[in-house]
Amino acid sequence: MFKSLHDFYTSREWCKFRLQVINDRMTPNGDVLDEVTNKPITKKYDIILHHIEPLTEENVFDFNISLNPDNIELIHFRCHNEIHERFGGYSKNVY
């Protein structure tokens, strides 16, 4: 079905799922909140659907992981980079 994660993230299934999750979690006044910081995400392109259980080439076909709304957090692009320690992002350690 999907040859790569890129194929999955550009699929009709993912695009439809993404819009549905965003619409379902939108506040009554139309805001989308970062589910980690609880701050509004003001730009649509900053809304990231983060898989709590990471999506891999091996589990992308398991829709209980890839297309499960319970496995998704809506977060800001910047927060997503921090979670994955990309582009100078950092993660907070709990001691």
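I began with valine 21, which, leaving aside neighbours within four places in sequence, is in contact (heavy atoms within 4.5 Å) with Leu49, Pro69, Ile72 and Leu74. Before going on I noted that this is a predicted model, in which local features need pLDDT of at least 70 and side-chain atom pairs count only at pLDDT 80 or more, while totals for chains, interfaces and linings use all residues. Residues are numbered from 1 along each chain as its sequence is written, and side-chain values use heavy atoms, with hydrogens and water left out.

I then looked up the place of valine 21 and found this residue in helix H2, where helices (H or I, at least four residues) and strands (E, at least two) are DSSP runs numbered from the N terminus. Valine 21 counts as buried because its relative accessibility is 4%; the classes are buried under 20% relative accessible area, exposed over 50% and partly exposed in between, with a 1.4 Å probe and protein chains only. From valine 21 to proline 69 I read a C-alpha to C-alpha distance of 6.7 Å, although the two are 48 residues apart in sequence.

Next I took helix H2 as a whole: residues 12-25, 14 residues, reach 20 Å from the first C-alpha to the last, close to the 20 Å expected at 1.5 Å a residue (the expected span is 1.5 Å times one less than the number of residues). Which residues of H2 are buried? I listed Trp14, Phe17, Val21 and Ile22. Seen down the axis of H2, these buried residues fall within an arc of 130°, so they line one face of the helix; the arc is that of the directions from the helix axis to the C-beta atoms. An α-helix has 3.6 residues a turn, so residues three or four places apart point the same way. On the face of H2 turned away from the buried side I found the exposed residues Arg12, Lys16 and Leu19.

I asked what the buried residues of H2 pack against, and the partners are helix H1 (5-9), strand S1 (47-51), helix H3 (63-66) and strand S2 (72-76). For phenylalanine 17, not counting residues up to four places away in sequence, I noted contacts with Leu49, Ser66, Leu67, Asn68, Pro69 and Ile72.

The C-alpha atom of tyrosine 45 lies 8.1 Å from that of phenylalanine 77, 32 residues apart along the chain.

I checked the cysteines too: cysteine 15 counts as partly exposed, at 37% relative accessibility, whereas cysteine 79 is buried, with a relative accessible area of 10%. My search of the whole structure found 0 disulfides, a disulfide being a pair of cysteine sulfur atoms within 2.5 Å.

For the chain overall, I recorded 4 helices and 2 strands in the pattern α-α-β-α-β-α, with buried residues making up 33% of the 95 residues.
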